[in-house]
Amino acid sequence: MADVIKLLPEHVANQIAAGEVIQRPASVVKELLENAVDAGSKSIILHIKDGGRTLIQVIDDGAGMSETDARMSWERHATSKIASADDLFKLNTKGFRGEALASIAAIAHTEMRTRRHTDEVATQIMIEGSEVKSVEAVNANAGTCITVKNLFYNVPARRQFLKSNPVETKYIIDEFLRVALPHPDIAFEFYNNGNDIFKLKSGSMEQRILEIFADKKQDEILYVEETTSVASIKGFVGVPQIAKKTRGEQYLFVNNRFFRDGYLNHAISSAYKELIPKDVFPFYIFFFSVRPESIDVNVHPQKTEIKFEDERIIYQFLHAVARKALGDHIQVPEADFNMAAFTVKPGVYATQPRIDLNTGFNPFVGSGSGQTQARKANSDWKKIFDGDVKGSFSERYEAEQTNLKAEFVGDIKHDTRIKKESPSIDSIWQVNKKYIMAQTGEELYIIDQEKAHERILYEKYLRSINGQQIATQERLFPQLVDLQPTDFVIVHDLLPHLALMGFDLAVFGKNSLIINGVPAGIKNANEKLLIEGMVDDFKQTQTQAKGDRFDILARSIARKTGVKQGDELSQTEITNLFEELFQCENPYFDISGKRTLKILSSSDLEKLFI
Amino acid sequence: MKFIVSTNDLLKQLDLVDGVVVSKPLIPILENFLFEIKGGNLKITTTDLETFMTTSLKVEADSDIDIAVPSKVSLETLKNLPTQPVTFSIDEASKSIEINTGNGRYKLTGNEAKDFPKFPELESENSIVLSSKVLLKAINKTIFATGTDELRINLTGVYCQITDTHINFVATDANRLVRVQRKGFKNGFETSFILPKKAMNLLKNALPNDESPVKIEFNSSYAFFSFTGVSLICRLIDERYPDYTAVIPTENPNKLSINRNDFISAMKRVSIYSNKTTNQVRLKIAGSEMTISAEDYDFANEATERLSCNYEGADIEIGFNARFLTEMLNAVDTEEVKMEFSMPNRAGLLLPSENESEEDILMLIMPMMINV
Ligand SMILES: Nc1ncnc2c1ncn2[C@@H]1O[C@H](COP(=O)(O)OP(=O)(O)O)[C@@H](O)[C@H]1O
């Protein structure tokens with residue numbers, strides 16, 4: 001077999017983002033594991049000791065190297081994976097800079113033992129601080145075993161900056177998972193100080209995920225798959241209940257490469273809006289497959305930031321996919337006094353015969369209580385994790401301001417809206433001018449009229465901005481609203497959207513508006529207060545990350561035009577409200593994430609009297 | 001003391017004033033009828049403090065007495081008795097009230113009459129007199145159009161505008177408006193006030209549909225109605241009424257005349273298909289045909305119906321809230337109804353094909369539009 005490693009031309013080497021390749025033991029692990037994956041291994045074993053300070057060893061059963069390649073691999077800018085600058089943009093393998101092994105060799109005592117499957121003897125190379133100590137022919141299994149000892153032995157400054165062993169171990173686990181997750185076809189073993197932390201069999205992606213996240217049940221993870229011209233996406237999203245108070249269970253991969261992206265993270269977490277409280281982070285794993293040319297992996301030396309050609313499209317797409325997964329699977333809230341949750345259809349796991357409810361589980365207190373952590377080490381490193389997903393989201397969002405309307409494309413679409421079946425009502429009545437009770441078969445629905453109507457209107461207003469215009473009820477007595485010049489600017493910018501929502505507004509003089517008409521069908525319509533209140537809502541949210549103007553608008557108007565507690569409703573109105581609620585994308589929560597309804601089954605009622 | 005009265009006679013009077021009583025009032029005494037018997041005349045009073053109502057009837061009493069009688073129990077008892085004379089035996093000291101029929105004895109406990117709020121003394125500044133029938137009609141034609149928005153208290157009542165020669169009764173909820181005008185007065189003064197809806201409903205229930213005179217006296221805070229032995233005092237809504245005359249369109253070149261019953265029936269059918277929140281129906285008028293249509297995109301429902309009509313003017317398409325329009329059509333008495341339009345975003349007028357003498361009814365409805 002011919003030798004395959006060539007030295008990169010100088011200019012190509014320079015084109016590559018500079019940076020320190022090896023910052024901590026975890027960086028070594030990442031490079032070694034990625035190399036082993038690239039070598040086509042079926043099984044990869046990782047050993048570490050003392051947080052990787054004293055030992056990091058990666059054993060694979062991949063292609064192995066010829067003696068020459070083995071020697072070459074330790075040279076800077078030696079790589080078999082890239083030969084010209086053009087190739088930089090067509091990367092399907094993980095390593096590409098050809099400087100990982102050279103960097104490692106410079107700062108540790110390293111040993112490589114490698115044999116190609118076709119060769120009879122293996123090559124063993126020992127290097128200390130870039131100095132080749134020995135090259136020998138030895139007996140060894142096919143594949144490659146690289147041992148890195150005494151990392152940073154000659155760089156005391158680096159050594160000082162290392163954290164405690166558990167923290168460094170946690171970083172290593174992070175890197176390990178980022179490689180192990182997208183490669184379920186490869187078996188992985190991971191030993192820390194001789195104890196196994198992970199033993200991952202090769203198998204399906206679902207099995208891999210459940211093996212790694214042993215605290216999750218298979219019906220708590222929903223599967224989605226979508227393909228477009230730009231990218232195909234496979235995703236696993238956790239049901240709202242398993243969202244946690246700490247970050248760390250959010251994974252994005254592009255072409256099986258882990259990356260971080262605050263902007264895309266927002267696309268997904270905003271799909272959970274109202275399903276989970278603000279300070280809780282959903283579980284998700286998304287795999288994108290894109291043409292290698294359409295991303296630039298070279299923007300960060302740690303290779304965890306990636307630039308898509310058209311990130312905005314990916315954003316919308318991702319948001320819609322996540323939303324769909326959640327929307328499809330969130331069913332009627334389960335009737336159980338002990339839990340404030342809703343059932344979820346099992347996703348890809350079609351074998352699940354029925355939905356087992358996790359009672360005593362409160363989705364709003366972060367991670368589930370009383371759940372056994374399958375792996376001790378898991379819980380340890382999760383505890384110490386304070387990972388920070390860096391987000392350049394807000395800056396990017398600014399740039400999107402002009403194009404905001406497109407943000408909704410993937411969200412609630414007018415033409416794709418189909419009538420959903422709402423539960424059929426046997427009898428329905430209003431209680432205390434606050435709640436609507438409805439009996440449907442065996443079940444009793446208790447609905448908070450104010451929260452429910454807010455939800456209905458919010459979705460209606462959002463749809464209206466997206467094209468499903470709301471009719472305008474013209475008013476007999478046009479109202480004049482005088483505004484501060486700054487406030488007037490806010491309203492003036494929103495005039496086209498307000499028109500879609502059903503307002504008939506006309507500019508009058510310099511800083512005044514005339515309200516001629518309001519959205520048809522609204523009950524509490526003091527037009528003047530409505531507009532003034534909306535301006536206030538806008539002013540309050542202005543200071544925060546710009547957020548979504550339409551969302552603020554829809555929220556504000558929904559709050560102000562909705563039915564309130566204390567409003568007496570006619571029979572037609574309550575029936576209508578009930579039916580409209582179940583036409584909503586998300587009938588179960590109001591716009592601040594609070595429950596809109598509760599369902600009691602006949603057994604729940606029985607339980608009340610035991 | 002004792003008094004004897006026919007259940008039927010008493011019930012009739014109690015029914016008139018019972019509407020004033022609110023359930024769970026601020027002060028419990030308001031749940032009572034105040035009975036005041038003097039020289040064989042029983043005067044019954046109810047109040048919720050905003051409205052006071054009295055009526056009276058002759059009874060056979062052996063002496064005078066004032067007592068507050070629990071309204072609910074006494075009314076229920078009387079309602080469920082066949083028409084017959086009953087004897088009320090009242091013990092002043094213990095306030096016990098016993099209702100004796102041929103076969104039954106029903107005992108309840110009354111309350112101290114002096115705890116019952118006093119009927120306000122009204123110092124009236126002005127008064128008018130009109131026939132009960134006329135007032136009844138004015139109330140019937142306006143009350144449905146009053147507003148319910150608690151942020152606009154002024155629109156929740158019926159505006160009564162008195163000029164030297166006529167009286168206007170006006171109601172609007174800002175989406176539609178009704179003005180019933182009565183002419184032919186010689187009032188000699190001008191004033192206006194807003195009558196609360198509750199009092200209007202009570203009058204609606206109590207006014208006889210005949211020529212009996214109704215005297216209306218008023219000052220800046222109260223209006224006082226008296227007719228056929230009944231008196232009603234109500235506190236006025238102390239708010240400014242909007243200048244409604246300014247919004248009545250004067251130039252309406254497009255004029256429609258259509259059979260009212262056909263129109264109502266078609267509206268009933270088509271509006272079943274309208275969006276439940278907006279209730280929007282659209283009228284398309286061209287030539288001598290009106291097409292009524294409605295649709296609900298959420299449920300993929302739609303309906304259209306064609307009606308023939310008399311129409312003068314340019315083709316027009318205009319949307320309305322079906323409920324508003326139907327209520328207004330129902331408030332018209334004539335066989336034919338007239339509608340007048342200017343533009344699809346301007347008020348439409350609804351008029352009876354003819355008015356009684358000295359009467360002018362005008363209704364106005366604001367359109368509902370999809371494209372602003
Ligand atoms: N585990 C391994 N099995 C087979 N070949 C390897 C392995 N590790 C490294 N190599 C070879 O050594 C070369 C240099 O590796 P490295 O310095 O990590 O650069 P890069 O991975 O960025 O190309 C790789 O291109 C590959 O050909």
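## Strands 8 and 9 of chain B

Strand 8 of chain B and strand 9 of chain B are joined as a hairpin through 4 residues. Helices (H or I, at least four residues) and strands (E, at least two) are DSSP runs, numbered from the N terminus. This is a predicted model: local features need pLDDT of at least 70, side-chain atom pairs count only at pLDDT 80 or more, and totals for chains, interfaces and linings use all residues. Residues are numbered from 1 along each chain as its sequence is written, and chains are lettered from A and ligands numbered from 1 in the order in which they are written.

Strand 8 covers residues 96-100 of chain B, and its pairing with strand 9 of chain B is antiparallel over 5 bridges; two strands pair if DSSP finds at least two bridges between them. Ile97(B) has Leu108(B) in strand 9 of chain B as its bridge partner. Strand 9 of chain B, residues 105-109, is hardly covered, with 0 buried residues among its 5. A residue is buried if 20 or more other C-beta atoms lie within 10 Å of its own, exposed if 12 or fewer, and partly exposed in between, with C-beta atoms placed from the backbone.

Strand 13 of chain B (residues 167-172) has 6 of its 6 residues buried, so it is largely enclosed by the rest of the structure.

Strand 12 of chain B (residues 158-162) runs antiparallel to strand 13 of chain B, joined by 4 bridges, and the two form a hairpin with 4 residues between them. Here Val170(B) of strand 13 has Tyr159(B) opposite. Strand 14 of chain B (residues 176-182) is also antiparallel to strand 13 of chain B, with 6 bridges, and Gln181(B) in strand 14 stands opposite Asn168(B). The hairpin of strands 13 and 14 of chain B has 3 residues between the strands, and in it Ala174(B) takes a positive phi near 80°.

## Chain B overall

Chain B contains 6 helices and 28 strands. Of its 372 residues, 37% count as buried. Among contacts in chain B between residues at least 6 apart in sequence, 67% join residues at least 24 apart; two residues are in contact if their C-beta atoms, placed from the backbone, lie within 7 Å.

## An open sheet in chain A

In chain A, 8 strands form an open sheet with mixed pairing, in the order 7-6-5-8-3-2-9-10. Strand 7 (131-138) and strand 10 (195-200) of chain A are at the edges with a single partner strand each, so one side of each is left without a neighbour in the sheet.

Within chain A, strand 2 (residues 43-49) and strand 3 (residues 55-60) pair in the antiparallel sense over 6 bridges, and Ile48(A) has Ile56(A) in strand 3 as its bridge partner. Helix 6 of chain A (residues 165-180) lies across strand 2, strand 9 (187-192) and strand 10 of chain A, at about 175° to strand 9. Axes are lines fitted to C-alpha atoms, for helices over the stretch in contact, and angles run from 0 to 180 degrees between N-to-C directions.

## Contact between the chains

Chain A contributes 19 residues to the contact and chain B contributes 24 residues. On the side of chain A that touches chain B, strand 23 of chain A (residues 472-482) gives the most, with 6 residues. Strand 23 of chain A and strand 28 of chain B (residues 368-369) run antiparallel and are joined by 2 bridges. In strand 28 of chain B, Met368(B) has Gln473(A) opposite.
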